[in-house]
Amino acid sequence: MTTSFEEFAAAQVTPLLRYATVLTGDPHLAQDVVQECLLRAQQRWARISGVDAPVAYLKRMVTNEYLSWRRRLKTHLPLTGVDPPGPDLTGHYDEREDMLQRIDKLPRKQKAAVVLRFYEGFDDAEIAATLGCSQGTVRSHISRALATLRAAEKVKEAL
């Protein structure tokens, strides 16, 4: 049995907003991105509901919309007020905030790859499908992002 668009949207809006908030760094822009994607998905629901993984399809729409918004905005939006899907048990709030700020400064595709890997728990194949690139490119994005983050940590420690 196919799920109605309304049931699907109600079940997925919170995870999509959480994901979009991490990508955009701005909860208000995230709402705009998700709203735009859900509007387009509703218009195409007959086709989207027939794909193997409609959730992954919508996540890809959100990713593409984010990349499109970043090109249009050309501004740097700080990552603030982003909470993980579960409780943050680390007790290292300052370190977490510092890391979010460093992630926010990564190039957009590297940032998307890091968010998909470490925030959403995607493997290389899922990230490649979401970003529309090869698994090798995903590994390259993540490797470069981690090298940048490590270098930023060393600079911070040196200060």
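Colleague: Leaving aside its neighbours within four places in sequence, which residues is Val 114 in contact with?

Modeller: Val 114 is in contact with Ile 103, Leu 106, Tyr 119 and Ala 145 once those neighbours are set aside. Contact means heavy atoms within 4.5 Å. First, some ground rules. This is a predicted model, where local features need pLDDT of at least 70 and side-chain atom pairs count only at 80 or more, while totals for chains, interfaces and linings use all residues. Residues are numbered from 1 along each chain as its sequence is written, and side-chain values use heavy atoms, without hydrogens or water.

Back to Val 114. Its relative accessibility is 4%, so it counts as buried (under 20%; exposed is over 50%, and partly exposed lies in between, with a 1.4 Å probe and protein chains only). Ser 143 is 29 residues away in sequence, yet its C-alpha lies 9.4 Å from that of Val 114.

Val 114 sits in helix H6. Helices are DSSP runs of H or I with at least four residues, and strands are E runs of at least two, numbered from the N terminus. H6 covers residues 108-119.

Now look at the partners of H6. Take helix H1, residues 5-24. The axes of H1 and H6 come within 10 Å and cross at roughly 140 degrees. Axes are lines fitted to C-alpha atoms over the stretch in contact, with angles from 0 to 180 degrees between N-to-C directions. H1 is therefore oblique to H6 (under 35 degrees is roughly parallel, over 145 roughly antiparallel, 65 to 115 roughly perpendicular, the rest oblique). H1 brings Arg 18, Tyr 19, Val 22, Leu 23 and Thr 24 to the contact. H6 brings Lys 111, Ala 112, Val 115, Leu 116 and Tyr 119. By class, that gives seven nonpolar, one polar and two charged residues. Asp, Glu, Lys and Arg count as charged; Ala, Val, Leu, Ile, Met, Phe, Trp, Tyr, Cys and Pro as nonpolar; the others, Gly among them, as polar.

Next comes helix H7, residues 124-131. The axes of H6 and H7 come within 10 Å and also cross at roughly 140 degrees, so H6 and H7 are oblique. On the H6 side, Lys 109, Ala 112, Ala 113, Leu 116 and Arg 117 take part. They meet Asp 124, Ile 127, Thr 130 and Leu 131 of H7. This contact has five nonpolar, one polar and three charged residues.

Finally, step back. The chain has eight helices and zero strands. Of its 159 residues, 40% are buried.
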